[in-house]
Amino acid sequence: MVLWTVVALAVVVAGAATAVYFWADGRVRTTEAFGEYAGRPKAGKGTDWLLIGSDSRATLTPEQRRELHVGSNEVRNTDTLMIVHQGDHGTTMVSLPRDSYVAIPGHGQGKINSAFALGGPKLLTRTVEQATGLRLDHFAEVDFLGFVDVVDALGGVRICVPAGGLRDERSGADFAAGCQEMDGVQALSYVRARYSDPEGDLGRVRRQRQLVSAVAEKASSPAVALNPWRAGPFLSASLDAVTVDRGADVRDLFRLGRGLRGAADGPEGTGRALTVPLQSEGEVPGAGDVVVWDRRRAGELFAALREDRPIPTSDLK
């Protein structure tokens, strides 16, 4: 009797999981993110994602723009760019500063985040591929409002603010040092702050990785994963928030989320998180403040990712 009960329960659970899978897979939003072109890098080992957070304000009401401290600029750039590599050595998150000065195909040199505004996902992925030598497998985009909804669906996330706290009038950030719970609006202001940070965009990219890991950690916790009243809204908000390439499906997103868990700065991380090695910062006429990659060290980093080798320890920062 006990055996049949267990078998029956397993069938019900499997049926529910299958139903959820087909429901979720049918809601995934996709876009044409890749195109073939002469000289495109060959496929490497492992799986490489390009994750972006777009600063599109097109769907925001005036009230939402004020609440989120995002202004009314209609230019569609990328606030966040990360390469996420998954392979035999775990997950590696590599932040690409939005002010990285690189070659944008057909547009000369410019800031990497402007490629999205100039040509959408296709131009951005091509720009990243040619700058890194990596052939990207997948693409995922989350916008401002989607990000806020995902964090709120989780009931907030726990973030540890470094000593000295963080205050930035332009992003709305106002946090004392120490670990604290943040809702979606607070989390967005935390990751977007850079004008009061002495490290500027470099400090911001570390906070972005910190928050990505916090979301993945909370989403995979028993309090969410085993609670249908929390897991359901989170899954729904995530599907509404993200747009992926046409080759990605729910299983790919699940593997991505699982890999991101714990892939944060610090010894507790099970993966690796770093910023592409930089050579210099400066100002370029017509482009403004830019950062230039260290070609040798960046080349070593991307070669290691392409070949799915451990990252050179000198690049872990």
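**Reading a sheet, a bent helix and some ring pairs**

Biologist: Let's start with two strands. In which sense do strand 2 and strand 3 pair, and over how many bridges?

Modeller: Strand 2 (residues 47-54) and strand 3 (residues 78-87) run antiparallel to each other and pair over eight bridges. One example is Ile52, whose bridge partner in strand 3 is Leu81. Please keep in mind that this is a predicted model.

Biologist: What holds strands of a sheet together in general?

Modeller: Strands pair through backbone hydrogen bonds, and the pairing can be parallel or antiparallel. Here, seven strands form an open sheet with mixed pairing, in the order 1-12-7-2-3-4-13. Strand 1 (29-31) and strand 13 (272-275) are at the edges with a single partner strand each, so one side of each has no neighbour in the sheet. From one strand to the next, the twist averages 25°.

Biologist: Now a helix. Which way do residues three or four places apart point in an α-helix?

Modeller: They point the same way, because an α-helix has 3.6 residues a turn. Now look at helix 3 (residues 114-132). Its buried residues are Ala115, Phe116, Gly120, Pro121, Leu123, Leu124, Thr125, Thr127, Val128, Glu129 and Thr132.

Biologist: Let's turn to aromatic rings. How many aromatic pairs are there in the whole structure?

Modeller: A search finds two. In one of them, the ring centres of Phe175 and Tyr190 are 5.8 Å apart and the planes stand at 85°, so this pair is edge-to-face. Phe175 belongs to strand 10 (residues 173-175) and Tyr190 to helix 5 (residues 184-192), so the pair ties together parts 15 residues apart in sequence. Both Phe175 and Tyr190 are buried.

Biologist: And how are the rings of Trp293 and Phe302 arranged?

Modeller: Their centres are 5.9 Å apart and their planes are at 45°, so that pair is tilted. Trp293 and Phe302 are buried too.

Biologist: Which charged residue sits over the ring of Tyr190?

Modeller: That is Arg207, whose charged end is 5.8 Å from the ring centre of Tyr190.

How values were computed. Residues numbered from 1 in each chain as written. Predicted model: local features only at pLDDT ≥ 70, side-chain atom pairs only at ≥ 80, totals over all residues. Heavy atoms only, no water. Helix = DSSP H or I, 4+ residues; strand = E, 2+ residues; numbered from the N terminus. Expected span 1.5 Å × (residues − 1). Buried < 20%, exposed > 50% of the residue type's maximum accessible area, 1.4 Å probe, protein only. Phe/Tyr/Trp six-rings, centres within 6.5 Å; stacked < 30°, edge-to-face > 60°. Lys NZ or Arg CZ within 6 Å of the ring centre and 35° of its normal. Pairing = 2+ DSSP bridges. Axes fitted to C-alpha atoms, helices over the stretch in contact; angles between N-to-C directions.
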